Amino acid sequence: MPPLPDHLQLGPLRVETPVVLAPMAGITNAAFRRLCAEQGAGLYVCEMITSRGLVERDETTRRMLVFDELESVRSVQLYGTDPVYVGKAAEILCAEYGVHHVDLNFGCPVPKVTRKGGGGALPWKRGLLAEILRAAVAATAPYGVPVTMKTRKGLDDDHLTYLDAGRIAQESGVAAIALHGRTVQQAYSGEADWEAIGRLVDHVDIPVLGNGDLWEAADAVRMVEQTGAAGVVVGRGCLGRPWLFRDLAAAFGGREVTTLPTLGEVAVMMRRHAERLSEHMGEERGCKEFRKHVSWYLKGFRAGGRLRRSLALVDSLAALDELLADLDPSEPFPVGELGAARGRQGSPRARVVLPEGWLDDTDGRGSHVREDTTETTGG
Ligand SMILES: Cc1cc2nc3c(=O)[nH]c(=O)nc-3n(C[C@H](O)[C@H](O)[C@H](O)COP(=O)(O)O)c2cc1C
């Protein structure tokens, strides 16, 4: 078996551990990225922002483009359907925000997005995909900033796009392609198909990053061994569990580590998470944002229903401190949770919502897919 990759090369950008925090809308803001990054080396991608929002200087978009002072590598995922907007947005990211890596979202399964031909629907239009990728690469090249793309297997099992997308990415100068081993139709249901990741590895020369259902560091190692991927992208597995990045860094360094924080250590991380969010967005909004993380942090611990409900309504750091003080700090990590899925799963979509006549041709060049200024539903 070939040795595990000890780093990830994205064009000129060297990432010391071949592990990427998946962009997750509403989650991977500066606060969460910092907590994860403190645990180990890797690449930590900002939540998705829209090209049009950035180009039109939309305030919400600008507020999302915040980086922690310790973030030495700034990585952002752009959403876009129009080569002109994507090119301009990529240029703004490099010139004004000093970004070191731009990822493009071609995987979002949300009907609101695919209905307009965006996200996971877009790779069906091979010509348009090439135009968008080339526009982004041309815009970032003068800054030496690599562009990557993230996609799914296709619309559904009868309309697979990932192999073509990989070839087009390679021909367009894209530095790597990340594949979530599900179709748009599957959304988050079922199991990620790692064999498809292996097929993409065989199909292209650029690095392939494997994504889907990595709940423990050992899963990431197994995925790389099975598929030959150059690295992994980790999403839901790290929800309420920034420590997973410590285990991942160890695993790719050849050591087996499973960090099992006590409930007291989890509470300290929860407090820091809420505090960081408050620093970035103000205490009231920060605490509200924090609420969605509570059940992930406490997953499997004994903490009672009333306490959980109060934590999920927390509106200030002082209130949070009071509630966290009621947790038993010595309670050990619920090892039964290891390897278990977390975050959204749901069921497959009855059908993929697409623009009228979308499947009629596979080129799409020159078609004007209308872009939203703010699209925050992610992938
Ligand atoms: C809450 C949430 C938000 C997401 N937002 C995005 C996004 O903005 N862009 C994207 O490419 N993928 C997004 N995704 C998909 C993840 O990046 C990842 O591809 C997917 O969760 C599969 O990986 P996992 O099994 O490790 O979670 C999101 C996923 C979740 C759960």
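Strand 9 (residues 208-211) and strand 10 run parallel, joined by 3 bridges. Two strands count as paired here if DSSP finds at least two bridges between them. Strands are DSSP runs of E with at least two residues; helices are runs of H or I with at least four; both are numbered from the N terminus. Within this pair, Asn-211 stands opposite Val-233 of strand 10.

The model is predicted: local features need pLDDT of at least 70, side-chain atom pairs count only at pLDDT 80 or more, and totals for chains, interfaces and linings use all residues. Residues are numbered from 1 along each chain as its sequence is written, and side-chain values use heavy atoms, with hydrogens and water left out.

Now follow the chain. Strand 9, helix 9 (residues 217-227) and strand 10 form a right-handed β-α-β unit. Right-handed means that, with the strands pointing away from the viewer, the path from the first strand over the helix to the second runs clockwise.

Strand 10 also pairs with strand 3 (residues 19-21), again in parallel, through 3 bridges. Val-19 has Val-232 as its bridge partner in strand 10.

What covers the faces of strand 10, and are its residues buried or exposed? In a regular strand, side chains alternate between the two faces of the sheet. Strand 10 spans residues 231-234, with Gly-231 and Val-233 on one side and Val-232 and Val-234 on the other. These residues are all buried, so both faces are covered. A cavity is a set of points, on a 1 Å grid over the protein atoms alone, where a 1.4 Å probe fits but cannot get out. The count is 3 cavities of 30 Å³ or more.

Lining residues have an atom within 4 Å of a point. Those of the largest cavity include Val-20, His-101, Asp-103, Lys-150, Leu-209 and Val-233. Strand 6 (101-106) and strand 7 (147-152) are the elements that give two or more residues to this lining. Strand 7 supplies the largest share, 3 residues.

Finally, the whole. The protein has 14 helices and 10 strands. Buried residues make up 59% of its 379 residues. Its C-alpha atoms fill a box of roughly 60 × 50 × 45 Å along the principal axes.

How values were computed: On a 1 Å grid over the protein atoms alone, a cavity is a set of points where a 1.4 Å probe fits but cannot get out, and a pocket is an open set with protein on both sides within 12 Å along at least five of seven lines; lining residues have an atom within 4 Å of a point. Grid points are joined across faces, edges and corners, and a volume is the space filled by probe spheres set on the points. Buried means under 20% relative accessible area, exposed over 50%, partly exposed in between (1.4 Å probe, protein chains only).
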